[in-house]
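Here is a short report on one protein chain. Keep the structure in view as you read.

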Amino acid sequence: MTSFLDPLISFVSVHAWLAYLTLFLAALLEAVPVVGSVIPGSTIILALSALVPGGDLRLQWVLLAAAVGAVLGDGSAYWLGHRQQRKILNTWPLTNYPRVVEESESFFHRFGTWAVFFARFVPPIRAFVPVTAGALGMTPTKFYAVNIPAILVWAPAHVLPGVLAVSAFHQYFGLPHHGHPFKHIWILTVVAAAIIGGLAIWLYRRRQNGSVVAEAKPRA
């Protein structure tokens, strides 16, 4: 796997703008309803953060790309809900995800305006709460007053762990940033954790859906 990552890291260091574009798109698409539930935006951001300490990517541009993508993604979803109102929640493709839509509504009713803040850190409803907020009548002023601060916390929370972990490792062992395998270890660990977490969520939801279907069957 290291032999695969080395050319990839070298490519990123030469074509950094593609990495920033990838970060931007990952953050943007992660906020799109339905699409955001399958796009591993947070995984991409966490993994690529390992390339900052070695100078392959610049911290300020990584943070900016992630934050701008998230603002545009959340904002687009919100305005879609704001224009269509509640009927957007009962149209395709949201009708294919009734449980997540229901969870998003419950989350919104439970936390009110703060749901927009908390949802940024809770997949997969992160991709559904902005459109739900618009559909349920939250004003643009209230939405952005909570959404933008949430993103300003969310972006560093996804970027800095990788930066600090790789930097601390290199400093502790006195090793050069370039060519050392710890950045590979970080990337592989993040990807593995995302896969395991995704499978766990899928199995949990599948079991829940099975229980609902079993309860819904008429008893003889």
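## Surface and overall build

The protein chain exposes about 12100 Å², and carbon and sulfur atoms supply 69% of that area. Keep in mind that this is a predicted model.

The chain has 9 helices and 0 strands. Read along the sequence, its pattern is α-α-α-α-α-α-α-α-α. The chain counts 220 residues, and buried residues make up 40% of them. Look also at how the chain contacts itself. Take the contacts between residues at least 6 apart in sequence: 76% of them join residues at least 24 apart.

## A nonpolar patch outside

Start on the surface. Trp17, Leu21, Leu25, Leu29 and Val35 make a nonpolar patch of about 430 Å². One of these residues, Trp17, belongs to helix α2, which spans residues 16-30. Is Trp17 buried or exposed? Its relative accessible area is 55%; the cut-off for exposed is over 50%, so Trp17 is exposed.

Now go inside. The largest nonpolar core has 26 residues. Which of them touch the most other members? They are Tyr20, Leu23, Ile45, Leu57, Val62 and Trp154. Several helices give two or more residues to this core: α2, α3, α4 (59-84), α8 (140-173) and α9 (182-216). The largest share comes from α8, with 6 residues.

Val62 shows how such contacts look. Leaving aside residues up to four places away in sequence, Val62 touches Tyr20, Leu23, Val52, Leu57 and Val159.

There is also a second, separate core. This one has 25 residues, including Tyr78, Val101, Ile125 and Ala127.

## Two salt bridges

How many salt bridges does the structure hold? It holds 2. The table lists both.

| Arg120 | Asp74 | 2.9 Å |

Arg126 lies in the loop between α6 (114-119) and α7 (129-135), while Glu30 lies in helix α2, so the pair ties together parts that are 96 residues apart in sequence. Both Arg126 and Glu30 are buried.

Now take the salt bridge between Asp74 and Arg120. Asp74 sits in helix α4 and Arg120 in the loop between α6 and α7, so this pair ties together parts that are 46 residues apart in sequence. Why do these two residues count as buried? The cut-off for buried is under 20% relative accessible area. Asp74 has a relative accessibility of 1%, so it counts as buried. Arg120 has 2%, so Arg120 counts as buried too.

Where is Ala31? Ala31 lies in the loop between α2 and α3 (41-48). Its relative accessible area is 0%, so Ala31 is buried.

Ala31 touches Gly73, Asp74, Ala77, Arg120 and Ala127, not counting residues up to four places away in sequence. Among these, Asp74 and Arg120 form a salt bridge with each other.

Finally, compare sequence with space. Ala31 and Val129 are 98 residues apart in sequence. In space, their C-alpha atoms are 9.1 Å apart.

Conventions:
Residues are numbered from 1 along each chain as its sequence is written. This is a predicted model: local features need pLDDT of at least 70, side-chain atom pairs count only at pLDDT 80 or more; totals for chains, interfaces and linings use all residues. Side-chain values use heavy atoms; hydrogens and water are left out. Patches are made of residues with over 30% relative accessible area and no salt bridge: like charges are joined within 9 Å, nonpolar side chains (Val, Leu, Ile, Met, Phe, Trp, Tyr) within 5 Å. Accessible areas come from the Shrake-Rupley method with a 1.4 Å probe; for residues, only the protein chains shown count as cover. A salt bridge is a side-chain nitrogen of Lys or Arg within 4 Å of a carboxyl oxygen of Asp or Glu. Helices (H or I, at least four residues) and strands (E, at least two) are DSSP runs, numbered from the N terminus. Buried means under 20% relative accessible area, exposed over 50%, partly exposed in between (1.4 Å probe, protein chains only). Contact means heavy atoms within 4.5 Å. A nonpolar core is a set of buried Ala, Val, Leu, Ile, Met, Phe, Trp, Tyr and Cys residues joined through side-chain atoms within 4.5 Å.
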